[in-house]
Amino acid sequence: MKIDVINLDGETSGSVDLPDDIFGIEDIRGDILQRCVTWQLAKRRAGTHKIQVRNEVSRTGKKMYRQKGTGGARHGSRRAAQFVGGAKAHGPVVRSHEIGLPKKVRALALRHALSSKAKSGALMVLEAATLDSPKTAGLRANFAKLGVRNALVIAGPEVDGAFKLAARNIPNVDVLPNAGLNVYDILRRHTLVLTKAALEGIAARFAEKEAA
């Protein structure tokens, strides 16, 4: 599968071959993508929400009244959940929300996410994501030439400093290095923009997985 390589001015500077095993999957598995996105979102949850349990409430632990003979229900402490100012029953506690997902499923989901962008025509290959000066207005004009409004840019092994500074004030545009490529960010943006260096890195990444 061939795709044109363009520069930031919108001019075609050649073409590259996209690996069919990464970008050429025809039957996109929505269930695999959903599993991976759920795994990613669950993993990044802090899980630090917490309520005071019964032994943490600052109230007296003295028995309210004698056990029998009052005609009322038996109670041992005002810290119980049914009293105002008492503990909360079955509330949230600090915990990890992370769930497990096999590495092979994660790798498969990434292939399907990349293929879905290629299949829908929402994939673009840049010659390079570099700028001489960090000017947001200039980069915004370049994106307008390319027709990019909502995109994830994978810039290569490292993100060019000027490009990163220019892009950070443009809404709906994310810029990541090769190591940051992930299913959730691919799917949440309309267009996936890869540099030639990023494309080579993706091919090498999957080659290493297959060799392992």
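Ser-58 is exposed because its relative accessible area is 73%; exposed means over 50% relative accessible area, buried under 20%, and partly exposed in between, with a 1.4 Å probe and protein chains only. The model is a predicted one, in which local features need pLDDT of at least 70 and side-chain atom pairs count only at pLDDT 80 or more, while totals for chains, interfaces and linings use all residues. Residues are numbered from 1 along each chain as its sequence is written, and side-chain values use heavy atoms, with hydrogens and water left out.

**Loop residues**

- Ser-58 belongs to the loop between H2 and H3; helices (H or I, at least four residues) and strands (E, at least two) are DSSP runs numbered from the N terminus.
- Between the C-alpha atoms of Ser-58 and Thr-70, which are twelve residues apart along the chain, the separation is 26 Å.
- His-90 is also placed in the loop between H2 and H3, and His-90 counts as exposed because its relative accessibility is 83%.
- The phi of His-90 is near 55°, a positive value in a residue other than glycine.
- In the loop between H5 and E5 lies Asn-172, which has a phi near 65°, again positive in a residue other than glycine.
- With a relative accessible area of 40%, Asn-172 is partly exposed.
- Pro-171 has its place in the loop between H5 and E5 and touches Arg-140 and Arg-149, not counting residues up to four places away in sequence; contact means heavy atoms within 4.5 Å.
- Pro-171 and Thr-48 are 123 residues apart along the chain, and their C-alpha atoms are separated by 29 Å.

- Helix H2 covers residues 30–43, and the 20 Å between its end C-alpha atoms agrees with the span its 14 residues should have at 1.5 Å a residue; the expected span is 1.5 Å times one less than the number of residues.
- The buried residues in H2 are Ile-32, Leu-33, Cys-36, Val-37, Trp-39, Gln-40 and Ala-42.
- Helix H3 (103–119) and helix H6 (183–188) are included in what covers these buried residues of H2.
- H3, with 17 residues, reaches 24 Å from its first C-alpha to its last, close to the 24 Å expected at 1.5 Å a residue.
- H3 is mostly covered, since twelve of its 17 residues are buried; among them are Val-105, Arg-111, His-112, Leu-114 and Lys-117.

- An open sheet with mixed pairing is formed by six strands in the order E2-E1-E3-E6-E4-E5; two strands pair if DSSP finds at least two bridges between them.
- Strand E2 (12–17) and strand E5 (173–176) are the edge strands, each pairing on one side only.
- On average, and with direction ignored, neighbouring strands of this sheet are turned by 30° against each other; the axes are lines fitted to C-alpha atoms.
- Strand E1 (residues 2–6) runs parallel to strand E3 (residues 123–126), and two bridges join them; Val-5 has Val-125 in E3 as its bridge partner.
- Strand E4 (residues 151–154) pairs with E5 in the parallel sense over four bridges, with Ala-151 opposite Val-173 in E5.
- From E4 the chain crosses through helix H5 (residues 161–167) to E5 in a right-handed β-α-β crossover; right-handed means that, with the strands pointing away from the viewer, the path from the first strand over the helix to the second runs clockwise.

**Nonpolar cores**

- In soluble globular proteins, nonpolar side chains tend to be buried together.
- The largest nonpolar core has 32 residues, of which Phe-23, Leu-114 and Leu-194 touch the most other members; a core is a set of buried Ala, Val, Leu, Ile, Met, Phe, Trp, Tyr and Cys residues joined through side-chain atoms within 4.5 Å.
- H3 gives the most to this core, with seven residues.
- Leu-114 is in contact with Ile-22, Phe-23, Ile-186, Leu-192, Ile-202 and Phe-206, leaving aside neighbours within four places in sequence.
- Another core, of 21 residues, lies apart from the largest one, and Phe-143, Val-153, Ala-166 and Val-173 are among its members.

Key:
Axes fitted to C-alpha atoms, helices over the stretch in contact; angles between N-to-C directions.
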